[in-house]
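Subject: Structure for you to look at

Hi,

Here is the structure I promised to pass on. Please open it next to this message, and then read on for what turned up.

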Amino acid sequence: MLSIIEELEWRGAINQQTDAEGLKKLIETKSIGLYCGVDPTGDSMHIGHLIPFMVLKRFQLAGHKPVVLIGGATGSIGDPSGRTSERSLQTMDTVNENARKLAAQFDKLFLKGDVANSGFRIVNNYDWLSQISLLDFLRDYGKHFNINTMLAKDIVSSRLEVGISFTEFSYQILQSIDFAYLHKNHDVQLQIGGADQWGNITSGLDYIRRTQGHEAEVYGLTIPLMLKSDGTKFGKTAGGAVWLDPEKTTPYEFYQFWLNQADEDVVKFLKYFTFLSKEEINKLEESVKNEPHLRLAQKTLAEEITKFVHGEQELAEAIQITEALFSGDVQNLSEKQIEEGFKNMPQFTAKEATQNLAVWLVDTGIVNSRRQSREFITNGAISLNGNKITDVDYEVSTDDAIGGKYIIVRRGKKNYYLVTLTDKIK
């Protein structure tokens, strides 16, 4: 059986380690505390944020004690890494509300199943950083950080030409204080972060050893930048970020994102975003090579990550919507499922009145002319809620609507339109 480090290496989830041999020996002898942080700059994580926390979850499943640090303090000032300009500052009320919503997402990811009592906790660095006065910061912390060393860090040096404020420049000091606090008070020995966090992590290690002794056993591990096979950054779509919040990205949309991954990327994502074994993923890799038309790897990826983030019920609904749209058998979808499945499809409104179908299709804007409308109908190309209509004299009414509200029009095999009935007749 692979050790947690060997498994992470096989999954391609390790970019850099501060002391690979030392960390390997440590986790072979004891259950360790480890943490990863996120700043509450928004009210939801997206799948890009999820990347380092998948590693934290793997450590949890291997018997270690994960800590999620929500940066209520650091999130109010901004981390300079990865940007060419200052982060827009938010009010503390907004930061606190974002922190509350992020905590709920982490609870769902880490407090489930057999690992519910494995030592997981959420902390907020506002609890200790807000207690430090300016004079304490300069006297007790600032003196341990060399300006030349700080300037040499990639996260700072990359910003020197365009400029960086003292506020963001000081971020690495605050993150170092976080690591030291967690090491001293929560027995945390490992910090995990994205590749851009290497400078901040190593600053924390240096600070801990200066203040708590060089014998302190602390380590850092970073995750590679996730790129797709075409070299573009993973996690972005034409519609924007893929969010974990079901109000921002529905479970159906989330499922579809993973289902539509390219053959060239799917095995890498299976290794990173699922908890399937090496043997299971190797079999799926063979399927990609020998029977790519089945898209078994993509289906498995979509099912596993949707179940992990949203749960069994939401996965079942996402699959039901997908199958209904593929087959055209949509009449059994609920109103909620229709709203999810058709969120980004063409939508129209129509009055709740009985009307000739050929005319109704033109009036809603689905078809351009009555002549074209009649041709579609007589050729069997029009379906209402899964029922094919071939009668040009067919009358559309509220009886055709699901829940008295929605009529799903299918034109041909792939063109779907959602019509919402309004102005109810009493």
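Below are my notes, starting with the whole chain and then moving to single places in it.

First, a caution: this is a predicted model, so please read everything here as computed from predicted coordinates.

**The chain as a whole**

The chain has 426 residues, and 50% of them count as buried. Its secondary structure consists of 19 helices and 15 strands. If you want to set up a box, the C-alpha atoms fill one of roughly 85 × 50 × 40 Å along the principal axes. Among contacts with a separation of 6 or more, 72% are between residues 24 or more positions apart.

**A pair of helices**

Two packed helices are described by the angle between their axes and the distance between the axes. For helix α12 (residues 251-259) and helix α15 (residues 296-310), the axes come within 8 Å and cross at roughly 145 degrees. This crossing of α12 and α15 is right-handed. On the α12 side the contact is made by Pro-251, Phe-254, Tyr-255, Trp-258 and Leu-259. On the α15 side, the residues taking part include Leu-301, Ala-302, Ile-305 and Val-309, along with Lys-299, Glu-303 and His-310.

**Thr-300, also in α15**

Thr-300 has its place in helix α15. Is Thr-300 buried or exposed? Its relative accessible area is 15%, and the cut-off for buried is under 20%, so Thr-300 counts as buried. Which residues is Thr-300 in contact with, leaving aside its neighbours within four places in sequence? They are Leu-270, Leu-276 and Leu-284.

His-49 is 251 residues away in sequence and 22 Å away in space. Ala-20 is 280 residues away along the chain, at a separation of 32 Å. Ala-20 itself is found in helix α2 (residues 20-29), and at 37% relative accessibility it is partly exposed.

**Two backbone angles to look at**

Arg-295 is not a glycine, yet it has a positive phi of about 50 degrees. It lies in the loop between α14 (278-290) and α15. With a relative accessible area of 30%, Arg-295 falls between the limits of 20% and 50%, which means that it is partly exposed.

Asn-385 also has a positive phi of about 50 degrees without being a glycine. Where does Asn-385 lie? Its place is the loop between β11 (382-384) and β12 (387-388). Asn-385 has 4% relative accessibility, under the 20% limit, and is therefore buried.

**A glutamate**

Finally, have a look at Glu-168, which lies in helix α9 (residues 166-169). At 1% relative accessibility, Glu-168 counts as buried. Its C-alpha atom is separated by 28 Å from that of Ala-104, 64 residues apart along the chain.

Best wishes

Key
Residues are numbered from 1 along each chain as its sequence is written. This is a predicted model: local features need pLDDT of at least 70, side-chain atom pairs count only at pLDDT 80 or more; totals for chains, interfaces and linings use all residues. Side-chain values use heavy atoms; hydrogens and water are left out. Helices (H or I, at least four residues) and strands (E, at least two) are DSSP runs, numbered from the N terminus. Buried means under 20% relative accessible area, exposed over 50%, partly exposed in between (1.4 Å probe, protein chains only). Contact means heavy atoms within 4.5 Å. Axes are lines fitted to C-alpha atoms, for helices over the stretch in contact, and angles run from 0 to 180 degrees between N-to-C directions. A crossing is left-handed if the near helix is turned anticlockwise from the far one by less than a right angle, and right-handed if clockwise.
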